[in-house]
Amino acid sequence: HDARPILDVLLALLRCTGTTTVFTNTVADRLLTEATMLARWFNDKRISAELRMMSGFRHFERDELSESVKDHEEAERLYAEVGAKADDRAANLLRLAITLRQRNQLEASRRMIYNAHRMISKDNRDLLIRLTLNAGASYMDTDLIRVSRYWRSALQMARRESGRELYVHA
């Protein structure tokens, strides 16, 4: 299909946009819309899942939390359907957990973090640290000692990894 390279370029642009966390601009909206249409045309559910996750980011940044939850839930359904890599699914579940926490659905948020933690690969320290930090954040209003324990644990993991980026994030 002649349009497949176009989808690849759109995905590359969206991934770059995602790393700079600027999903709220109109260019990103247009790229996401075009990529979504092409993914549907190709019936590529793996890419559709990734795009739904990106859409969830976009809605979160706009404080459209209900839409963000729907996007991340649909991404999870699609990821599960196509047998996506566990780390991709876990990253999406983490974003869902963050959105649920923002909506004050703390138990549901913690459940998503637990599910994500169970599926990540053992060597994905970055995601493990982010899960640990967000598990702690879910107790921010109720148990500051627990928050401190989670965050100290994340900091220790980052130090052991000796990765400056992980350390700064923790």
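The mean positions of the 28 positive and 24 negative charges of the chain lie 5 Å apart. To display these two groups, select Lys and Arg as positive, and Asp and Glu as negative. The coordinates belong to a predicted model.

**The whole chain.** The secondary structure amounts to 9 helices and 0 strands, and the pattern read along the sequence is α-α-α-α-α-α-α-α-α. The radius of gyration is 17 Å, close to the 15 Å given by the globule rule for 170 residues, so the chain is as compact as a globular protein of that length.

Of the 170 residues, 45% count as buried. Where contacts join residues at least 6 apart in sequence, 54% of them link residues at least 24 apart.

**The largest core.** Hide the surface and select Leu96, Leu100, Met112, Ile120, Leu127, Ile129 and Leu131. These are the residues with the most contacts inside the largest nonpolar core, which has 24 residues. Now colour the contributing elements: helices H4 (65-82), H5 (86-102), H6 (106-119), H7 (125-137) and H8 (144-161) each give two or more residues to this core. The greatest contribution is that of H5, with 7 residues. In soluble globular proteins, nonpolar side chains tend to be buried together.

Centre the view on Leu127. Which residues does Leu127 touch, not counting residues up to four places away in sequence? With that exclusion, its contacts are Asp87, Ala90, Ala91, Leu94 and Ile120.

**The second core.** A separate core of 14 residues can be displayed next; among its members are Leu7, Ala35, Leu38 and Met54.

Select Ser48, which is found in helix H3 (residues 45-61). Its relative accessibility is 17%, so Ser48 counts as buried, the cut-off being under 20%. Leaving aside residues up to four places away in sequence, Ser48 touches Ala39, Arg40 and Leu78.

Move to Ser109, in helix H6. Is Ser109 buried or exposed? Ser109 is buried, with a relative accessible area of 0%. Beyond residues up to four places away in sequence, Ser109 touches Ala97, Leu100 and Arg101; of these, Leu100 is also listed among the residues with the most contacts inside the largest core.

**Two loop asparagines.** Select Asn43, in the loop between helix H2 (26-42) and H3. Asn43 is exposed, with a relative accessible area of 58%.

Then select Asn104, in the loop between H5 and H6. Phi of Asn104 is near 65 degrees, again a positive value in a residue other than glycine. Asn104 is exposed as well, with a relative accessible area of 57%.

Key: Residues are numbered from 1 along each chain as its sequence is written. This is a predicted model: local features need pLDDT of at least 70, side-chain atom pairs count only at pLDDT 80 or more; totals for chains, interfaces and linings use all residues. Side-chain values use heavy atoms; hydrogens and water are left out. A nonpolar core is a set of buried Ala, Val, Leu, Ile, Met, Phe, Trp, Tyr and Cys residues joined through side-chain atoms within 4.5 Å. Buried means under 20% relative accessible area, exposed over 50%, partly exposed in between (1.4 Å probe, protein chains only). Helices (H or I, at least four residues) and strands (E, at least two) are DSSP runs, numbered from the N terminus. Contact means heavy atoms within 4.5 Å. The radius of gyration is taken over C-alpha atoms; the globule rule is 2.2 Å times the number of residues to the power 0.38. The place of a charge is taken as NZ of Lys, CZ of Arg, CG of Asp or CD of Glu.
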